Amino acid sequence: MTFIRRLKRHLVVIAGLLTLGYLLLPNVVVTVFSFNDPKGRFNYAWQKFSTDAWTDPCGVADLCGSLGISLQIAAWATLGATVLGTMIAFALVRYRFRARGAVNSLIFLPMAMPEVVMAASLLTLFLNLGAQLGFWTILIAHIMFCLSFVVVAVKARVMSMDPRLEEAARDLYAGPVQTFVRVTLPIAAPGIAAGALLAFALSFDDFIITNFTAGSTVTFPMFVWGSAQRGTPVQINVIGTAMFVVAVLFVLAGMAVGNRRRRQKA
Amino acid sequence: MTKDHGGDVRLSGISKTYGSFTAVHPLDLTVPEGSFFALLGASGCGKTTTLRMIAGLEEPTSGTVHLGDQDVTALPPYKRPVNTVFQSYALFPHLDIFENVAFGLRRRGIRSVKKQVEEMLELVQLGEQARKKPHQLSGGQQQRVAVARALINQPRVLLLDEPLGALDLKLRRQMQLELKRIQTEVGITFIHVTHDQEEAMTMADTVAVMSAGRVEQLGSPTDLYENPHTTFVANFLGTSNLIEAEVDSTSGDDIVLTAGDGKLSLPGARCSAPTATGGRVLVGVRPEKISLTHADDAGDIPVGRNRITGRIAASSFIGVSTQYVVDASVCPEFEVYVQNIDRDPRLVPGAEVVLHWSPAHTFGLDAAQDIDAGVETVEEEQVA
Amino acid sequence: MATLTETDPPPPLPPSPLSPTAATSPTPPTKKPRRGRLVPYWLLLPGILWLIVFFALPMIYQASTSVQTGSLEEGYKVTWHFATYWDALSEYWPQFLRSVLYAGSATILCLLLGYPLAYLIAFRAGRWRNLILILVIAPFFTSFLIRTLAWKTILADGGPVVGALDALHVLDVTNWLGMTAGDRVLATPLAVVCGLTYNFLPFMILPLYTSLERIDGRLHEAAGDLYATPFTTFRKVTFPLSMPGVVSGTLLTFIPASGDYVNADLLGSTDTRMVGNVIQTQFLRILDYPTAAALSFILMAAILIMVTLYIRKSGTEDLV
């Protein structure tokens with residue numbers, strides 16, 4: 001009786017933790033299999049423990065090259081989308097102008113569109129224009145689909161900003177430029193940073209649109225896709241695991257710094 | 001603190017309209033240099049808009065703003081020698097207290113700000129908190145930072161927009177005295193916007209009561225309270241009992257009025273309404289000016305006092321005084337506050353009583369006004 | 001992620017982009033325009049131009065391509081050949097149907113799986129809240145293709161997962177539903193739905209969490225005080241208040257899932273191909289551009305119509 005009652009009370013916790021397990025299971029598998037020494041070309045079945053792949057992560061042809069291309073594209077796409085998106089967000093929150101509805105739809109639609117549709121239509125454009133597919137076409141596409149997400153993130157932050165803060169700055173002898181640099185921008189910074197991080201993650205991990213616009217350029221997701229047909233090297237798991245660990249450590253460190261700062265000052 | 005004899009703040013014909021809505025009707029107002037001036041009114045009466053036009057945050061639709069001899073109407077806020085303490089303070093969340101206070105000095109290109117900022121933080125008793133961020137301070141401390149941040153610039157005028165609205169009652173009392181002290185110390189003109197009549201009366205030398213975009217009456221707190229000119233002022237500042245009456249005759253400086261079957265008398269100087277015989281006037285008296293005598297003792301009441309009979313409808317004991325609601329023939333809910341000196345045990349609900357007061361405490365208002373203007377109702381309280 | 005390092009205790013998440021309010025109501029600016037009426041246009045110009053040239057214009061090109069005829073060698077001409085649409089639909093309707101079915105099942109599964117976890121984070125996690133949130137977001141940092149490939153290992157024939165499903169007679173049910181075949185899970189619809197569910201689960205959890213987190217915990221107490229059982233409290237108070245999260249979560253899951261071709265390709269077989277796979281193959285391998293463009297256009301139109309109807313319905317009636 002008490003057991004059942006307890007179970008009932010914690011049912012939602014148990015279900016939630018099971019979902020969390022479902023979410024994390026593939027990462028566990030990826031990590032474990034980064035220490036595998038597979039027979040044959042595919043790394044799907046456990047053979048025996050080995051650290052070979054960890055000691056030689058770039059040991060597979062083109063793998064680290066593709067990683068470099070992905071990082072480069074993600075960095076430029078983040079920069080482009082963040083600058084353009086922040087400008088749009090400020091215009092949307094701070095000004096009244098004609099065609100606001102049209103602008104809003106143009107921002108919203110890329111997020112409501114299956115990637116494959118955007119990918120296919122972009123490819124028709126590039127083919128029609130006779131553009132050379134490669135690094136630049138990928139970058140153009142990535143800036144396009146990251147833009148809306150940056151706008152949303154920055155807009156939320158700017159909207160929640162107390163307009164009195166800028167009035168206070170103007171009241172305290174800051175001209176329009178000074179007000180923007182000294183007050184508006186620093187306060188909007190977390191939103192801009194969130195948008196930039198989102199853009200980086202989206203660009204770095206994008207496969208569907210990249211697949212259509214890449215030509216013969218191979219990004220990291222393209223490399224993984226190709227390897228799923230040809231044979232999956234263990235190094236893929238090494239890189240996947242390393243990215244996971246680095247990102248989690250990064251976030252935990254950020255949280256720790258935040259906590260310490262809060263405790264110091266409180 | 002150097003005193004800049006810049007002169008008064010003069011608003012001439014200043015108004016503000018948003019589309020078809022008029023927030024402030026053309027208004028003339030002079031705030032003498034060095035005074036503590038309060039703009040008092042309910043929310044939406046145009047007091048904040050007026051303040052923002054002085055600050056330069058709002059462009060007036062018509063009229064001019066002068067500081068002394070200088071016309072500042074066209075100057076943007078960052079070029080006006082005026083600073084504001086904002087409602088909810090608007091402290092920069094990304095800067096610490098020191099940098100918040102130093103902000104204005106730095107924007108004007110002053111390099112060595114340390115000494116000035118530290119002195120200013122001492123003035124508002126926050127020397128210890130210089131390196132904290134705003135959100136780490138209590139409401140009262142944030143409020144003092146906001147004052148320091150504005151005052152350090154030695155503005156000609158300090159504008160305060162509901163600066164105490166976010167504080168609880170006890171802290172508000174404390175800060176009222178604190179602000180008054182600072183104002184006396186630095187001698188700068190303070191223009192204070194508030195909806196709290198008690199706050200305006202304790203702090204300001206001069207109060208302008210605003211309603212629906214117009215100034216209803218301007219004067220010292222005692223003047224406004226003792227001699228209101230409109231029903232709005234009578235009801236908004238404290239409580240007034242208003243009786244509809246008819247002018248019967250004039251005798252010397254006094255006016256004699258008929259209310260119900262009784263006669264009331266009122267000094268002519270205290271009547272802001274036309275006093276032609278037969279005209280209607282609202283006769284007002286404050287609840288604490290009234291004495292309450294049991295009907296059995298009516299003979300003991302001195303002659304020459306205004307009197308009204310009624311029955312006690314309710315009474316509530318609140319310590320320093322007892323507040324009665326009396327159902328009188330001329331006014332269904334007459335409020336009377338009696339100090340708790342000698343309590344008459346017969347004064348309980350249902351008792352027949354005589355209300356009486358000195359004619360000198362009576363005031364007269366134009367009857368062509370809404371008798372309930374400025375009365376705070378429960379619904380208004382909830383919205384605000 | 002950056003928001004996690006902020007000083008406020010509960011990490012604010014960026015609002016989900018597909019929440020109906022974000023879509024429909026342009027927020028009125030808090031301020032009146034200042035001097036310089038051209039400023040907003042200059043701010044908008046580069047970004048909006050980018051979206052017009054690389055998002056809107058391609059749609060027009062695609063529409064035009066879909067009514068062209070010709071061949072790769074001789075080139076294509078606009079001949080208003082609308083029959084392409086009819087041909088594409090009559091040939092590929094099974095793939096369209098599958099897309100809707102698989103994406104729909106994955107969305108429902110995401111809601112069923114994601115709600116308890118979002119609820120757990122919002123109300124029951126206490127000091128573990130941030131950690132669990134990080135764990136929900138963290139898989140994003142590993143390429144989704146790598147993680148999807150891991151399902152090949154997890155669902156491998158004769159592996160522990162498949163064995164357990166078999167022993168629990170789950171496979172009997174799914175076989176009967178036509179979701180699996182025999183004692184295999186890999187290369188069946190179930191594997192594809194499972195992969196889709198997995199890939200888009202965080203897109204369900206985060207908006208759900210955001211809207212649950214806004215609910216005042218005292219409402220639960222108030223409901224309990226007013227004689228509601230915990231289940232009634234959930235049904236009458238919690239769930240209705242979380243509707244904005246449910247709406248944007250389902251959209252954020254269904255839309256990308258319906259256009260996905262990665263899961264069907266990696267975890268499925270030729271019998272589980274979705275419309276995304278067809279578009280991909282037509283475009284990149286067979287190079288039949290008109291058919292591919294027509295398919296893509298149909299998918300886009302179908303999604304837009306469904307989303308509009310859904311937002312309108314949930315926005316006006318069910319949201320209250």
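Biologist: In chain C, what share of the contacts with a separation of 6 or more comes from residues 24 or more positions apart?
Modeller: This is a predicted model, where local features need pLDDT of at least 70 and side-chain atom pairs count only at pLDDT 80 or more, while totals for chains, interfaces and linings use all residues. Residues are numbered from 1 along each chain as its sequence is written, with chains lettered from A and ligands numbered from 1 in the order in which they are written. Two residues are in contact if their C-beta atoms, placed from the backbone, lie within 7 Å. For residues 24 or more positions apart in chain C, the share is 70%.

Biologist: And how much of chain C counts as buried?
Modeller: A residue is buried if 20 or more other C-beta atoms lie within 10 Å of its own, exposed if 12 or fewer, and partly exposed in between; the C-beta atoms are placed from the backbone. Chain C has 320 residues. The buried part comes to 46%.

Biologist: Which chains share the most contacts?
Modeller: There are two pairs of chains in contact. Chain B and chain C do not touch, and their nearest C-alpha atoms are 10 Å apart. The pair with the most contacts is chains A and C.

Biologist: Which helix gives the largest share of the side of chain C that touches chain A?
Modeller: This contact takes 90 residues from chain A and 89 residues from chain C. The chain C side has 66 nonpolar, 18 polar and five charged residues, with Ala, Val, Leu, Ile, Met, Phe, Trp, Tyr, Cys and Pro counted as nonpolar, Asp, Glu, Lys and Arg as charged, and the others, Gly among them, as polar. Helices (H or I, at least four residues) and strands (E, at least two) are DSSP runs, numbered from the N terminus. With 19 residues, the largest share comes from residues 39–66 of chain C, helix H2.

Biologist: Where does the largest share of the side of chain A that touches chain B come from?
Modeller: Here 17 residues of chain A are in contact with 21 residues of chain B. Helix H8 (163–171) and helix H9 (176–205) of chain A each supply at least two residues of the chain A side, which divides into nine nonpolar, two polar and six charged residues. The largest share is six residues, and it comes from H8(A).

Biologist: How far apart are the end C-alpha atoms of residues 73–93 of chain A?
Modeller: An unreviewed UniProt entry places "transmembrane region" features on chain A, including residues 73–93 and 133–154; such positions are in the numbering used here, feature names are shortened, and annotations may be inferred rather than shown by experiment. Residues 133–154 are 91% helix, with end C-alpha atoms 31 Å apart. Residues 73–93 are 100% helix, and their ends lie apart by 29 Å.

Biologist: What is the bridge partner of B:Val283 in S20(B)?
Modeller: Five strands of chain B form an open antiparallel sheet in the order S13-S12-S11-S14-S20, where two strands pair if DSSP finds at least two bridges between them. Strand S13 (262–267) and strand S20 (363–366) of chain B are the edge strands, each pairing on one side only. Four bridges join strand S14 (residues 280–285) of chain B to S20(B). The partner of B:Val283 in S20(B) is B:Gly364.
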